[in-house]
Amino acid sequence: MILCLDVGNTTIHGGVYRDDELITQFRKMSRQHFSADEAGLFFKSVLRENNVDARLINGIAVCSVVPAVNHSLRGAC
């Protein structure tokens, strides 16, 4: 499965694909400053609430127009 994140100035749009099928999607308000721990906990809880086992994620794709959050996202992922 692949976790896909589209990081914009106001929201982070996310989704998980199994092969070619989108199995869940979510949104989170983006901020200029958040920690890797905060982002990681958010992603794990969103996956758990949507019955996606985070251990089965074997790839992550990130598209970001907010360079200030890239370090935290990298740490979270």
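I began with helix α2: its buried residues pack against β1, α1 and β4 (59-64). Here helices (H or I, at least four residues) and strands (E, at least two) are DSSP runs, numbered from the N terminus.

A note on what I am reading: this is a predicted model, where local features need pLDDT of at least 70, side-chain atom pairs count only at pLDDT 80 or more, and totals for chains, interfaces and linings use all residues. Residues are numbered from 1 along each chain as its sequence is written, and side-chain values use heavy atoms, with hydrogens and water left out.

Next I asked which residues of α2 are buried. I found Val 69, Ser 72 and Leu 73; buried means under 20% relative accessible area and exposed over 50%, with a 1.4 Å probe and protein chains only. They cover an arc of only 105° around the axis, so they sit on the same side of α2; the arc is that of the directions from the helix axis to the C-beta atoms. On the other side of α2, I saw Pro 67, His 71, Arg 74 and Gly 75 exposed.

Last, I checked Ile 57: leaving aside neighbours within four places in sequence, Ile 57 is in contact with Met 1, Leu 3, Val 16, Leu 47 and Val 52, contact meaning heavy atoms within 4.5 Å.
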